[in-house]
Amino acid sequence: MILSQGEVGMEAATQETRILDAAEELFYGRGLQAVGMAEIRDASGASLKRLYQLFPSKDHLVEAYLRRRDVRWRASLAAYVEARRPGEERILAVFDWLREWFAEPAFRGCAFVNSFGELGATSDAVARAARDHVDALRDHLAGLVTEAGHSARLARSLLLLVEGAISTAAVSGDAGAADDARETARGLLELESARISGAG
């Protein structure tokens with residue numbers, strides 16, 4: 001059977017998706033250095049030749065995995081948060097979303113912190129992907145904080161709470177880390193509101 005150019009493109013996209021799906025499951029579940037390209041090939045069903053045509057090296061695949069995960073992770077968070085009423089409720093919803101994520105059986109902490117810990121010192125691509133993820137998350141939090149009428153500087157403190165909760169939940173296996181972080185975030189918001197009222 002001869003495929004049209006459009007069909008060839010669709011097949012390539014499907015193969016790329018299968019490869020990235022396999023890479024995400026293996027890299028996130030076991031670590032970057034513990035997984036070889038042959039395992040990605042076997043899990044995705046793609047030939048090794050096709051795998052290297054789409055991703056010329058493991059470094060290329062790792063970066064693609066991280067970039068896609070960043071987009072999907074932040075989109076899931078944003079969709080959850082935007083379903084709440086604008087204001088402080090959306091800020092606190094970030095931690096509700098984290099709790100649901102922490103409770104998933106496949107939860108293994110932050111993919112970007114994990115990857116940076118493994119390869120950040122030797123791979124500029126991994127380091128950039130990790131920094132870009134953190135920057136994008138901080139910007140998202142800043143938008144929520146500004147929307148709620150608070151100073152964007154509060155986003156830095158919230159970012160520390162988010163990242164701290166993720167790391168704590170990953171190490172301890174306790175999804176309740178999100179609840180603790182949520183209560184601390186609520187306290188910060190109350191202090192900020194009191195500061196604004198006092199200044200007024």
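Tutor: A helix is taken here as a DSSP run of H or I that covers at least four residues, with numbering from the N terminus. In that sense Arg182 is found in helix H9. The model is a predicted one.

The overall arrangement comes first. The protein chain contains 9 helices and 0 strands, so that, read from the N terminus on, its elements run α-α-α-α-α-α-α-α-α. Its C-alpha trace spans about 70 × 35 × 30 Å along the principal axes. Of the 200 residues in the chain, 42% are buried. Where contacts join residues at least 6 apart in sequence, 66% of them connect residues at least 24 apart.

The interior can now be examined. In soluble globular proteins, nonpolar side chains tend to be buried together. Here the largest nonpolar core comprises 57 residues, and Leu61, Leu98 and Phe102 have the most contacts inside it. Two or more residues come from each of helix H1 (5-30), helix H2 (37-44), helix H4 (58-82), helix H5 (88-102), helix H6 (111-119), helix H7 (124-147), helix H8 (154-172) and helix H9 (177-199). Because domain 1 (1-56) and domain 2 (57-199) both give residues to this core, it lies between them. The C-alpha centres of these two domains are 29 Å apart, and 19 residues of domain 1 are in contact with 20 residues of domain 2.

Residues up to four places away in sequence aside, Leu98 touches Trp73, Val162, Ile166 and Ala178. The C-alpha atoms of Ala165 and Ala177 are 5.3 Å apart, although 12 residues separate the two in sequence.

Helix H9 also holds Arg182. At 17% relative accessibility, Arg182 counts as buried. Apart from neighbours within four places in sequence, Arg182 is in contact with Leu92, Phe95 and Asp96. Gln15, in helix H1, likewise counts as buried, at 15% relative accessibility, and beyond its neighbours within four places Gln15 contacts Arg50 and Leu54.

Helix H7 shows how a whole element takes part. H7 has 24 residues and reaches 34 Å from its first C-alpha to its last, close to the 34 Å expected at 1.5 Å a residue. Its buried residues include Ala125, Val126, Ala129, His133, Leu137, Leu141 and Val145. The buried residues of H7 pack against H4, H5, H6 and H8. After H7 comes Gly149, with a positive phi near 90 degrees.

A pair of aromatic rings is described by the distance of the centres and the angle of the planes. With centres within 6.5 Å as the limit, the count is 7 aromatic pairs. In one of them, the ring centres of Phe27 and Tyr65 are 5.5 Å apart and the planes stand at 55 degrees, so the pair is tilted. Since Phe27 lies in helix H1 and Tyr65 in helix H4, the pair ties together parts that are 38 residues apart in sequence. Both Phe27 and Tyr65 are buried.

Ser47 provides a contrast. Ser47 is found in the loop between H2 and helix H3 (48-54), and at 41% relative accessibility Ser47 counts as partly exposed.

Methods. Residues are numbered from 1 along each chain as its sequence is written. This is a predicted model: local features need pLDDT of at least 70, side-chain atom pairs count only at pLDDT 80 or more; totals for chains, interfaces and linings use all residues. Side-chain values use heavy atoms; hydrogens and water are left out. A nonpolar core is a set of buried Ala, Val, Leu, Ile, Met, Phe, Trp, Tyr and Cys residues joined through side-chain atoms within 4.5 Å. Buried means under 20% relative accessible area, exposed over 50%, partly exposed in between (1.4 Å probe, protein chains only). Domain bounds come from an automatic or database domain assignment. Contact means heavy atoms within 4.5 Å. The expected span of a helix is 1.5 Å times one less than its number of residues. Rings of Phe, Tyr and Trp (its six-membered ring) pair if their centres lie within 6.5 Å; planes under 30 degrees apart count as stacked, over 60 as edge-to-face and the rest as tilted.
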